[in-house]
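Welcome! Please take a moment to turn the model around before reading on.

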Amino acid sequence: MAASAAGAASGQFLTRLIHPNQSKCSSSSQTLRFFRRRYQPCIMSMNGCKGSDQAGLFPVETIETRSLSPVPSPALAMDSLKAAIYQLKSEPPASASGIIRLQVPIQQQIDAIDWLHAQNNLLLSRCFFSSRSDSSDVFQSVDRNGNGNGSPKGANSMVSVAGVGSAVFFRRMGPFSYSDWKSIRRFLSATSPLIRAYGGIRFDARSNMSSEWERFGSFYFMVPQVELDELEGNSMLATTVAWDESLSLPWEMAIDALQATMRQLSSFVVNMRNERPKTFIVSKTDVPSKKYWELAVNRSLQQIERSNSELTKVVLARSSRVVTANDIAPTTWLTCLQVGKDKDNAYQFCLQPPNAPAFIGNTPERLFHRKCLRVSSEALAGTRARGGSMAQDLQVELDLLSSPKDHLEFTIVRESIRKKLEAVCSGVMVEPKKVIKKLRRVQHLYAQLTGRLKCEDDEFDILASLHPTPAVCGSPREEARVFIAENEVFDRGMYAGPVGWFGGGESEFAVGIRSALVEKGLGALMYAGTGIVKGSNPSLEWDELELKISQFIKLLKLEVPQR
């Protein structure tokens, strides 16, 4: 009974937050509106959200993966793919819509970040996603030919993915809806598990959008035209062509666009592991400033302590613009973030629409992972720095575990996620219930939650129900969201929103925290937030913000010059 009530409440909130005028079961045939504003995609790019609701109910006619013979180098892989594309062009499919992936294994492990860095001169959309290596069930194993076989993680498991260009992208200015999700799903199939749509969603689609986030829309997903899949022990270069006459991109235009992208690619890859930016910080500006931050925290505490207020927690965030003496490429930022132990305990990501800044991050927090009907999520709250010695680190751990304030914040997050999972899943389990998760510079309280969906279509409900979690918004969710919208003085954009990928039989999303928006000539906007509950101290919460953005500053080894 409680689960049903929770499900109903979740559904009502979903309708308001994700799409105020559309429910999951709507059969409306109204055309989805695509607001272009300043964003103008490549003339041969296809926006999969431009079709009608009715068209989005049906998969494209052809979904296929073709594997080519393994080769020893990226250059030979390019030659092999170009020849296969030429042959494919001479034998066009008869279907009016479809998506075909061509993939060639490379008999050496190529770092996906290095390959993406080699494509820095291209004015095309780009994406990167690397899962936590401590999650044995996140990525499917792939065999030597690149086919998902569902075997345990080990040799040939996916490490990371880098992509350029979009075979099909999905973007709208309106909130992410069930129809949008179906528009993505129609290009995906469990029979081609490596055809995936990578992207992210705004924290709050109803908030005012600032100019730096306009090209992302309220959400942006892309199926890469060309991608490098880094595996354990080897690699794979792949191309994907998608076409749909109902979306004004016939086969001929799609295959020509793919060939044009292939002509621009570089197969010369340089190892960036020891590369560090030779620059320094010119300026750092925080929005809000510390003075106004303390006012906002005190205002939230007053709201929490009111007798007639339901608000028990609200997460306030800060944007810090860091300008460096020289531009730093997004791929260089990512390379630095992958150094050290955090690579094993965090997701790294990059999302960059054409002619837009790059949204990058190094987040430890999973939103959810779905494999067939199995779903896992997690609660993460409370933050402390690592100790300078083993004894100090243990003392910090004990302080965090025994802190009443952090226990309250963590319990709010864990129980909220548990109730949301119970509304759409059966057999929900919480194990472990409360432990310490240690990262390179910080440590958190942590719990893992698992359950089973009734059907794969419930994936949209999981996404809409879990986002935003109390860890990045507050509790109750709607009251916290309204407080944030009324009191924060900058646009979060995709910060704290879902970032990840949809696949045919599997999907994985992280929470886009510990992130930054990097733009040439403008430096980086770094984002961090902290949970405010009864007992919070404004000055200590500010110190937590400084700790969270320190991973960018210290890993890049950037220093403010001495005057």
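This is a predicted model: local features need pLDDT of at least 70, side-chain atom pairs count only at pLDDT 80 or more; totals for chains, interfaces and linings use all residues.

Residues are numbered from 1 along each chain as its sequence is written, and side-chain values use heavy atoms, with hydrogens and water left out.

Let us begin with the whole. The protein has 13 helices and 21 strands; these are DSSP runs numbered from the N terminus, with at least four residues (H or I) for a helix and at least two (E) for a strand. Of its 563 residues, 60% count as buried, where buried means under 20% relative accessible area, exposed over 50%, and partly exposed in between, with a 1.4 Å probe and protein chains only. A contact means heavy atoms within 4.5 Å. Among contacts with a separation of 6 or more, 79% are between residues 24 or more positions apart.

Now find helix 5, residues 251-264. The expected span of a helix is 1.5 Å times one less than its number of residues. The 14 residues of helix 5 should therefore span 20 Å, and the end C-alpha atoms are 21 Å apart, which agrees. Its buried residues are W251, A254, I255, A257, L258, Q259, T261 and M262. Their cover includes helix 2 (74-90), strand 6 (219-231) and strand 7 (235-244).

Next come the charges. Side chains of opposite charge can pair when their charged atoms come close. A salt bridge here is a side-chain nitrogen of Lys or Arg within 4 Å of a carboxyl oxygen of Asp or Glu, and the count comes to 31. One of them joins E378 and R132, at 2.8 Å from N to O. E378 is in strand 13 (residues 374-385) and R132 in the loop between strand 3 (126-130) and strand 4 (158-172), so this pair links parts of the chain 246 residues apart. E378 is buried at 1% relative accessible area, and R132 is buried at 3%.

Another salt bridge is formed by R370 and E459, with N and O 2.6 Å apart. R370 belongs to strand 12 (residues 366-371) and E459 to helix 11 (residues 459-466), 89 residues apart. Both are buried, R370 at 0% and E459 at 0%. Salt bridges that share partners join R185, R370, E456 and E459 into one network.

Finally, look at the rings. Rings of Phe, Tyr and Trp (its six-membered ring) pair if their centres lie within 6.5 Å; planes under 30 degrees apart are stacked, over 60 edge-to-face, and the rest tilted. The count comes to 22 aromatic pairs. F176 and F502 are stacked, with 6.4 Å between centres and 15° between planes. F176 and F502 are both buried. They also belong to one aromatic cluster with Y178, W181, F219, F221, F368, F460 and F509.

Charges meet rings too: a charge sits over a ring if NZ of Lys or CZ of Arg is within 6 Å of the ring centre and within 35 degrees of the ring normal. R196 lies over the face of W501, 3.8 Å from the ring centre, and the charged end of R492 sits over the ring of F203, 4.3 Å from its centre.
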